[in-house]
Structures are given as C-alpha cells and as structure tokens.
Amino acid sequence: MSMIIPFPTRYSAFALCVVGLAACIALVLVSPHLWLAWVGVAVFAVLSGTGVHDLRQARHAILRNYPVIGHLRFLLEFIRPEMRQYFIESDSEAAPFSRAQRSLVYQRAKGEPDNRPFGTQLDVTIAGYEWINHSMQPTKLDNHDFRIVIGGTPHTADASPPPSGAGAASHHPCTQPYSASVFNISAMSFGALSANAILALNQGARLGGFAHDTGEGSISQHHRVHGGDLIWEIGSGYFGCRNEDGTFNAERFSANARDPQVKMIEIKLSQGAKPGHGGVLPAPKVTPEIAAARGVPIGIDCVSPSSHSAFSTPIEMMHFIAKLRELSGGKPTGFKFCLGHPWEWFAIVKAMQATGITPDFIVVDGAEGGTGAAPVEFSDHVGAPLQEGLLLVHNTLVGVNLRHRIKLGCAGKVITAFDVARMMALGADWCNAARGFMMALGCIQAQSCHTGHCPTGVTTQDPVRQQALVVPTKAERVRNFHRSTLHALQELVQAAGLDHPQQITAHHIVRRISDTEVRLLSNLVMQVQPGALLGPLDKQHNVFRTYWPLASAESFQPLTQGPHGLVSNLPLAA
C-alpha cells in the first residue's frame, strides 16, 4: 500500500502562481489578441520566477519554506514602524517621543493653537507623575524672552585670582560675554543634517534671537548665510581647526573663532548618543561641501577619535580651555559631556581648583539624547541619564564654591516648557534641544536619519530629497516653536509666582511616589550645601565619599584601584 504525501500548504501560493501562469499561457494561445492575458502571463511569470529563486536561495529560511508569500512578511516588517506610529501606539506612548509630544511641536511650529480640551490625557495617579506648584499670587511678566549672561556680566569679566602658582586664569578672562536665550538649538552637524536643514535652523535662530550649536562638523557655508548666532563645537577631530594629521591648529581655530557670528566655543568631550565612542563619516559621504567645512580631504574617511589629542590630563584640559578663550578673543569657552566615571568629572573640578582656570559654561548631555546614529548598546546602556548627570555636576560645583562662575546648560529630550522648568529646578541655567527643532523642521520620527533616505529632507545629503524642505517656511516654524515654548514657560513662571525661570528650584516640583504618597523633588534628589566638599566628606552623599578622594587633577585615572581593576561596586546613586 503506497503512502500518499500531501502537498505542503506552505507551497500553495507558489503553486497558484504556476497554475495561474499556465492558465494565462493557455488563454494567450486561444486568444492571442486579449491583452489582459498577456498581462497575466507577465505577472505570473515574475511571481513564478520569484518562487523558483526563493526555493534555491540560501539566505532566508522563511522564503525557502514559504516561496512567494514569504515576501509578505518582509513587507509588513518594513512598514511596521509606520503602521504602529499611525494606527496602534497611544498618544502618550513615547518611542522615543510620543504622538502628543510630536503634535505639540508641530502645532507650535505652525503657529496653531496648542490648547487641549477635556482635561489631561496623563494618568495623574501613576508613580512618576510630576507637576509644578502654583502660587495664589501669580506674577505678571512683560515678555517671554528669558536670557542669561554666559561668561561674566555685560560689564565685567570674571578675573578672580588663581591659587598661588597657578597664573593662567587671570590672563585670559572672558571679555565678550554672551547674552543667551534659555532655550537654544543643540549640536547637530552639517553632514548629519542637510544643507537646507542647517539653513532653516540658522535663519530661525536669527529671527528668534537664540543660538545655534554647529555640532562637531564645524561651521559650513550654510551656517553663514543668514548670520544667526553660533556656538562652535570643537570635537576630537578638530574639524575646522585641524592640521593634516588631525591635531589641533591654533591659527585656523583663531581665524574661525574670531568671526563675529561665533558667540561661544564648546569643546565636545562626549555626547549622549554614544559617549566614549568615536565616529567615522564614510568616504562616499565626504562631499566637497563637508570637506570644506571640516578641513578634510574629499572622498576619504573622516574620523572622529574617541578622545582628544590636545590634552591628556585634567590640568592640560583647563589650560586648553584658557588657550581657546585667548585665541577666540575672549569669547565664552566651555565644554560638553555626558557623565561617565564620577572620578573623572571630579578630577576636572580639582583641576579647576588647582589652576584657577574655570570654563565659562558646561553643557551636560543626557544619555537619553542623541540625534546621531549609534550602536544600540551605547544608545541603551552607556552614559548617565540627564537628571543624574546634571545633579552631580551642579552639586559638585556648589560644593566647591565654583557654581557662580560657571553657567550650566543641558540637553536630553527637552520638548516642552515643563521640561525646561524641570531641568532648571535640577540646576540648569539653560536648555538645548535637537530633536524638538528637527520636528519643527518637519521631522516625522521616521528614524531613518542614518540611511540618507529621510522622507522630509532633514537628515539627508540627497539634493532631491532636500528640496522637500523649503527654507523660508521652515525657518519661520523654527522661530515659532522657540517663541511658543518660551511663551508657555513664561506662563508657568507666572503661575508659580516667580520673575524668571532661574528662580525655579526643586522645591517647586512635586513627584508622585505611589497611590498615597507624593514628595517635593527637593526631598528626592541630592542637594549639596555651598562649600561642603571643601571639608570633611563623612556627611556627604556616597558618590562624593567614595569617588572624590580617588580623583586627581593630574590624571583622569583614579588614584587607587581595588581587585579586578574596579574602584568600587557602589552605584552612582547609592
């Protein structure tokens, strides 16, 4: 008795294609003038050929088992992000920004009403919900153009004498302080962003009176067209101020830094997207425009090392800051970093104490930030989140009586006025935003920034795709987003009974802990008293007791190490 092997159902689609091809061929033989039959032959021939290829290829197991129809799986997977974004995810589900956040940016950028009816869509009973306490005597402010002075005051520079034997600080004070908005465009390079995106951002910054950070890709011709205020970021590749071997070139730096459009100099130590990781712009992407901006050869890999070659110790870093301040003609000079090893940050602070040299500002980048593409492990698991990084930086400077000399900026998923207020409550003087301003340009969070196929022309060098981004229209939207966000911040400040967002403290923010308990943020986060780190540490937070004694101004390495090369197994927030 013979065994009948049933035809596997997984081959059914392929079999139907073959049957369809045979039927269409037969129809053509019967009625050669019937054009639909010829169309059928063509379609089923392609599908049948695809099925044969699927059975013979060795790359995809699913296609070998499900010829023809298996491609449907790849198609659905390809459009899954869009389907989820448009039809499935809730308004408050962040991935990385929620639909509600994106809609708010779009509304403000377009100048549309952003009021919401019928109450909040947030669950106010869930742990982590936060609000700002209001006053029964609100203030009335004249405008929302909140500004801070970076680099001293408009009339005098900070030239406090250095400790004995450390003579560099008083020789190179900041003589060109900058009056900055409390909300600015965070670092995004030309190359990562399209030419039209840079043009629109800078024009929007000029129209709105706020600053545009160049990113480490240096100052391109597109940054100069509209004359908006620039913060020139100097990365480890020293783009725009480098020698042929990639080392720092003082003459080229000075020529760019003294341009009146450049208002501040920012040394990038690390970024939230991939702290501790260098980068490579592949040779095909190094176009003549990008090569001219960065000072690198056309069509050759453009490398950003993971660390700086101009300094190797905290003290050398302070002298480098003083050197850049002098070469720039006395412009505010500082650095940006994402917090990593606490003892390395403490070593920088001890170098400030040892040399008397202080940066005019520090920008703390949170690990949750990042417009740049990065390895998943770095995006998800490297670097301190903004709250922890900002708190440690702010409290350390308070603890050594240096906070009044250094302004603090921050960046990391800052979108709304409440985000700005909350960061100021944690110690920031101003906030930067990258992805928020990208959305103001039209970014739809397609998350294809690294592919060159950005659907809105924001993050591509494709000249055809860039045409979708109309510069005058998008520049106006950049200004609108900034203006509307600061107007909302003004209303928050007024409701709290204050005169400036810098007056917001952790005492103004309330956080829900559980169904039955809420606490002021001031009772939940670290707060160090002025000068507390200059004396005994026994009553200080564990992070100071553990790591402060290990830090040295002469080295980024800890003074002592335990077994296995580990300093301590205490967590940062222990």
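Author: What follows is a close look at the packing of helix 6 with helix 17. The model is predicted, so local features need pLDDT of at least 70 and side-chain atom pairs count only at pLDDT 80 or more, while totals for chains, interfaces and linings use all residues. Residues are numbered from 1 along each chain as its sequence is written, and side-chain values use heavy atoms, with hydrogens and water left out.

Helix 6 covers residues 195–208 and helix 17 covers residues 471–495; helices are DSSP runs of H or I with at least four residues, numbered from the N terminus. Their axes come within 7 Å and cross at roughly 50 degrees. Axes here are lines fitted to C-alpha atoms over the stretch in contact, and angles run from 0 to 180 degrees between N-to-C directions. Helix 6 and helix 17 are therefore oblique to each other, oblique being what remains after angles under 35 degrees (roughly parallel), over 145 (roughly antiparallel) and 65 to 115 (roughly perpendicular). The crossing of helix 6 past helix 17 is right-handed, that is, the near helix is turned clockwise from the far one by less than a right angle.

On the helix 6 side, the contact (heavy atoms within 4.5 Å) involves N196, L199, A200, L201, Q203, G204, A205, L207 and G208. Helix 17 contributes V471, P472, K474, A475, E476, V478, R479 and H482. By class, the contact has 9 nonpolar, 5 polar and 3 charged residues; Ala, Val, Leu, Ile, Met, Phe, Trp, Tyr, Cys and Pro count as nonpolar, Asp, Glu, Lys and Arg as charged, and the others, Gly among them, as polar.

Notes: Helices (H or I, at least four residues) and strands (E, at least two) are DSSP runs, numbered from the N terminus.
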